[in-house]
Every structure is written in structure tokens, then in C-alpha cells.
Amino acid sequence: MSICSIEAVAEAVSKPFWFQLYVMRDRDYIARLIQRAAAAQCSALVLTVDLQIMGQRHKDIHNGLSTPPRITPKFLLEIVRKPAWAMRMLGTSNRGFGNVVGHVPGVENLKSLGAWSAQQLDPSLTWEDAAWVRDQWQGKLVIKGIMCEEDARLAAELGADAIVVSNHGGRQLDGAPSSIQVLPDIVRAVGKSTEVWVDGGIRSGQDVLRAIALGAKGTMIGRAFLYGLGAGGEAGVTRCLQIIRNELDLTMAFCGVTDINAVTSDILYR
Ligand SMILES: Cc1cc2nc3c(=O)[nH]c(=O)nc-3n(C[C@H](O)[C@H](O)[C@H](O)COP(=O)(O)O)c2cc1C
């Protein structure tokens with residue numbers, strides 16, 4: 001559900017990029033989307049499996065988040081207080097959802113998009129559907145949103161090249177364990193056959209190192225880069241990555257390791 005289309009991203013980047021997929025009820029549309037990702041030479045498909053129904057997001061409810069946004073006095077006040085941002089938004093053509101608008105019959109604007117996406121998430125998704133996605137996509141497949149050993153094994157059996165242990169940044173099920181809590185058991189279950197990555201709460205290089213020490217092969221970030229983006233645009237995202245990298249480097253030095261591949265749980269203080 002990105003603002004820019006796969007094709008627009010492909011045109012703008014010179015480095016490998018991935019495509020993240022939610023499986024919708026309209027399987028023809030999903031098959032076409034996967035073909036578009038292949039045609040744009042995405043180097044990996046990330047299938048997210050933990051958002052077939054939307055969690056109850058209390059802050060979104062409280063803030064009245066909606067598609068399209070409701071024009072309220074508060075909304076207008078926010079725009080008036082940020083004139084530079086408002087001018088940039090007026091000048092951009094990226095105000096829709098580029099992979100959907102114009103690609104689904106009847107979805108031409110934000111209003112029809114809101115209605116379409118609300119009824120399109122498919123709550124009946126099963127591992128058979130994930131196998132169908134595997135068949136459609138010949139490239140590297142990452143399955144994101146795994147929180148238990150059984151699902152990790154099923155993802156590995158399906159031929160996932162990597163899994164992401166994730167509870168969607170705590171945005172789905174209140175009361176779910178944290179991803180770092182369940183990581184060690186999942187690594188023990190499938191770590192030899194599949195790469196195990198983790199996300200959720202990674203805010204610093206120390207967080208990255210803790211996850212690696214608990215067996216993750218890689219970590220991903222959500223909010224951290226968004227904070228950088230909000231504070232400083234593209235340069236802010238670069239700065240965010242630099243900060244995390246420097247903290248990782250420094251913490252490794254304090255732990256007496258120089259090679260990330262040599263990090264084990266021995267560096268953790270229990
Ligand atoms: C604003 C926002 C939008 C997100 N949208 C998606 C999405 O479209 N697909 C997806 O797989 N995960 C999405 N996520 C979840 C992230 O991919 C990631 O799992 C999570 O943010 C990691 O936790 P962190 O924010 O603590 O780093 C979103 C997260 C945020 C905060």
C-alpha cells in the first residue's frame with residue numbers, strides 16, 4: 001500500500017529494491033501485481049502475513065485517521081502551521097496509492113480506494129495461499145510477520161529464503177509477545193535452514209547487536225527511519241542509518257568483537 005508505484009520506484013533507484021505484498025481477495029489483481037514486481041526487477045518479494053485483519057489502533061481512532069483524510073478544523077490548523085510542507089504536498093503528484101489507483105477497475109481516487117482496501121484484505125488467508133504466492137514468484141521470497149515456531153517451520157517448508165520475526169511493530173495484536181522474546185526459539189527451530197531476521201523496537205545500534213546476539217541474521221526498522229524522515233527528509237533517513245551503524249560499531253568494540261558474524265549470545269549480560 002505504498003504511495004509510489006513499483007514502476008516509479010524502479011525508475012528512481014539504482015540499487016536493488018524489494019516489493020512488499022499484502023494478499024487481497026482479488027487474486028487476479030495480486031497475480032498482476034506480482035508480475036509487475038517481476039517486470040520491474042524487484043530483487044525480493046516480502047509477503048506480509050500478519051495483517052489480514054486490521055488491529056484496533058487506539059491512537060488512529062483517537063486521531064480520526066482515515067482515507068481520504070477528513071477535512072476538520074484541526075486538520076486545517078495543522079496545514080496552516082506547516083506552510084512549507086503544505087506547498088510541497090500541493091506540488092506533488094504522489095497523493096494516491098500508486099499500485100492500486102488506475103490498476104483496479106473502479107478505483108480512481110482516495111475515496112474509492114478507502115472503500116476498496118477496507119473490503120479487500122482477505123481474512124481467510126492460509127498457508128495454501130502463501131504457497132500460491134510462492135508459485136507466482138520465482139525470485140527470493142521473504143515472509144514477514146512470523147511469531148511462533150510452527151509458522152516458522154511452515155514458512156521454511158514453503159521455500160521462504162528468509163523470515164522476519166515481527167509483530168508488526170506492536171500495531172496489530174495488543175498483548176502479543178515482543179518479537180525479541182520469541183526470536184531465540186524461532187532461530188533454534190529453523191535457523192539452520194532459513195535466514196531469520198527480526199524487527200520491532202529497533203531504535204539503536206545496541207538493539208541491532210542484541211538481536212544478532214540472540215540469533216537474528218539481520219534486523220529491520222520501521223519507525224526509526226520514519227522519525228529521521230520526519231525530522232530531516234532524505235538526509236534525516238541517511239543520518240538515522242549512520243547513527244545506528246555508529247552505535248553498532250561502538251558497542252561491538254566495547255564487547256570485544258570486530259566481526260558481526262562472530263557475535264554470539266556470550267556478549268549478553270544475564
Ligand atoms: C506507519 C507504519 C506503516 C507500516 N506499514 C507497513 C506495511 O505497509 N507493510 C508491512 O509489512 N509493515 C508495515 N509496518 C510495520 C513495519 O514494517 C515493521 O514491522 C514495524 O514498524 C517494526 O517495528 P518498529 O516500528 O518498532 O521498528 C508499518 C509500520 C508503521 C509504523
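**Notebook: a pocket and a ligand shell**

I began with the lining of the second largest pocket, whose residues divide into 13 nonpolar, eight polar and two charged. The model I am reading is predicted.

Next I looked up the space in this second largest pocket and noted about 480 Å³. I then asked which of the 23 lining residues are closest to its centre. They are Val49, Asp50, Leu51, Gln52 and Gly145. I also checked which elements give two or more residues to this lining, and I wrote down α7 (127-136) and β3 (140-146).

I turned to the ligand. There are 16 residues around the ligand, and Tyr22, Thr48, Asp199, Gly201 and Arg223 come nearest. I sorted the residues of this shell by kind and got three nonpolar, eight polar and five charged.

I looked at single contacts after that. An oxygen atom of the ligand lies 2.7 Å from a backbone N or O atom of Gly201. For Lys144, a polar side-chain atom is 2.9 Å from an oxygen atom of the ligand. In the side chain of Gln20, an N or O atom is 3.0 Å from a nitrogen atom of the ligand. I then looked up how much of the ligand is covered: taken alone the ligand exposes 600 Å², and the protein buries 77% of that.

Note on methods: Residues numbered from 1 in each chain as written. Predicted model: local features only at pLDDT ≥ 70, side-chain atom pairs only at ≥ 80, totals over all residues. Heavy atoms only, no water. Near = heavy atom within 4 Å. Polar contact = N/O pair within 3.5 Å; in protein donor to acceptor, adjacent residues only side chain to side chain. Areas by Shrake-Rupley, 256 points an atom, 1.4 Å probe, with all protein chains shown as cover. Nonpolar A, V, L, I, M, F, W, Y, C, P; charged D, E, K, R; others polar. 1 Å grid on protein atoms, 1.4 Å probe; cavity = no way out; pocket = protein on both sides within 12 Å on 5 of 7 lines; lining within 4 Å. Points joined across faces, edges and corners; volume = space filled by probe spheres on them. Helix = DSSP H or I, 4+ residues; strand = E, 2+ residues; numbered from the N terminus.
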